[in-house]
Amino acid sequence: MVAVNYVGEELWSFYNAPWEKRVDLARQLMDIAEQLTNNDFEFALYLLDVSFDNFAVGPRDGKVIVVDAENVLVADKRLIKQNKPENYDVWYESRFEECDREACLSFSKDSLCSRVTVDHNYYAVCQNLLSRYATWRGTTGGLLHDPPAHIAKDGQLEALLDECTKPKKRYGRFQAAKELREYLTSNNIAQP
């Protein structure tokens with residue numbers, strides 16, 4: 001027997017939603033990435049299968065919900081700090097790899113489970129859901145595709161998404177994720 005519960009439309013159905021809605025959903029996705037990575041419980045939950053059909057949007061409150069969490073790696077940060085494996089306190093940067101399939105992610109389970117500070121969730125959300133590298137059902141460009149002219153002209157959004165997905169600077173993804181969350185929260189981006 002299988003029990004199923006309808007929690008809302010899958011994220012994919014918002015691919016062509018109005019800009020303001022897509023910005024709100026992108027901000028929520030980045031907030032989820034942060035909450036799963038850094039929380040009071042000292043457990044990091046790393047999403048290993050990040051795609052448009054693994055998230056839904058609540059019909060009443062518009063909140064993004066993780067609906068398929070069967071591929072999640074749990075890392076106990078307290079245990080990592082206690083056991084002190086080699087390089088445990090060195091920040092871990094996920095490697096960007098170009099891929100010709102949908103929802104690709106490269107990751108090292110060993111690294112995710114042996115480092116205290118890891119950028120995997122930011123990488124996964126940026127790469128597979130938000131940036132120009134995101135592909136799904138024959139489309140490209142991610143949830144933040146085709147921004148309004150004033151946003152595209154400014155170039156800040158594209159630069160933050162690129163650094164979050166394929167960083168040029170050491171530890172650039174960590175900073176880009178923080179700045180992207182702030183940028184998506186600012187009022188000027190949500191204006192059409």
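Author: Helices here are DSSP runs of H or I with at least four residues, and they are numbered from the N terminus. The model under discussion is a predicted one.

Reader: Where is Arg-170 found, and is Arg-170 buried or exposed?
Author: Arg-170 sits in the loop that runs between helix 6 and helix 7. A residue has to be over 50% in relative accessible area to be called exposed. With a relative accessible area of 63%, Arg-170 is exposed.

Reader: How many Å apart are Arg-170 and Trp-91 in space?
Author: Along the sequence, 79 residues separate Arg-170 from Trp-91. In space, taken from C-alpha to C-alpha, the distance between Arg-170 and Trp-91 is 10.0 Å.

Reader: Tyr-171 has a positive phi, so in which loop does Tyr-171 lie, and how does its relative accessibility make it count?
Author: The phi of Tyr-171 is near 60°, which is positive even though the residue is not a glycine. Tyr-171 lies in the loop between helix 6 (156-165) and helix 7 (172-185). Because its relative accessibility is 23%, Tyr-171 counts as partly exposed.

Reader: Lys-84 is not a glycine either; is Lys-84 buried or exposed?
Author: Lys-84 has a positive phi of about 50°, and its place is in the loop between helix 2 (77-83) and helix 3 (109-112). Its relative accessibility is 52%, and therefore Lys-84 counts as exposed.

Reader: How many of the residues of helix 4 are buried?
Author: The buried residues of helix 4 include His-120, Tyr-123, Ala-124, Gln-127 and Asn-128. Among the elements that cover the buried residues of helix 4 are helix 1, strand 2 (43-47), strand 3 (55-57) and helix 3, together with helix 6 and helix 7. Helix 4 is largely enclosed by the rest of the structure, because the buried count is 11 of the 11 residues.

Reader: Are helix 1 and helix 4 roughly parallel or roughly antiparallel to each other?
Author: The axes of helix 1 (residues 19-37) and helix 4 (residues 120-130) come within 9 Å of each other and cross at roughly 155°. The handedness of this crossing is right-handed. Angles over 145 degrees fall in one named class, and helix 1 and helix 4 are therefore roughly antiparallel.

Reader: By class, how many nonpolar residues does the contact of helix 1 with helix 4 have?
Author: Helix 1 brings residues including Ala-26, Leu-29, Met-30 and Glu-34, while helix 4 brings, among others, Asn-121, Val-125 and Leu-129. By class, this contact of helix 1 with helix 4 has two polar residues, one charged residue and, as the nonpolar count, 10.

Reader: By class, how many nonpolar residues does the contact of helix 4 with helix 7 have?
Author: The axes of helix 4 and helix 7 come within 10 Å and cross at roughly 65°, and the crossing is left-handed. On the helix 4 side the contact is made by Tyr-122, Tyr-123, Cys-126 and Leu-130, and on the helix 7 side by Arg-173, Phe-174, Ala-177 and Leu-180. By class, the contact of helix 4 with helix 7 has no polar residues, one charged residue and a nonpolar count of seven.

Reader: How many of the residues of helix 6 are buried?
Author: The buried residues of helix 6 are Leu-157, Leu-160, Leu-161, Asp-162, Glu-163, Cys-164 and Thr-165. Helix 6 is largely enclosed by the rest of the structure, because the buried residues number seven of the 10.

Conventions:
Residues numbered from 1 in each chain as written. Predicted model: local features only at pLDDT ≥ 70, side-chain atom pairs only at ≥ 80, totals over all residues. Heavy atoms only, no water. Axes fitted to C-alpha atoms, helices over the stretch in contact; angles between N-to-C directions. Helix = DSSP H or I, 4+ residues; strand = E, 2+ residues; numbered from the N terminus. Parallel < 35°, antiparallel > 145°, perpendicular 65-115°, else oblique. Left-handed = near helix turned anticlockwise from the far one by under 90°. Contact = heavy atoms within 4.5 Å. Nonpolar A, V, L, I, M, F, W, Y, C, P; charged D, E, K, R; others polar. Buried < 20%, exposed > 50% of the residue type's maximum accessible area, 1.4 Å probe, protein only.
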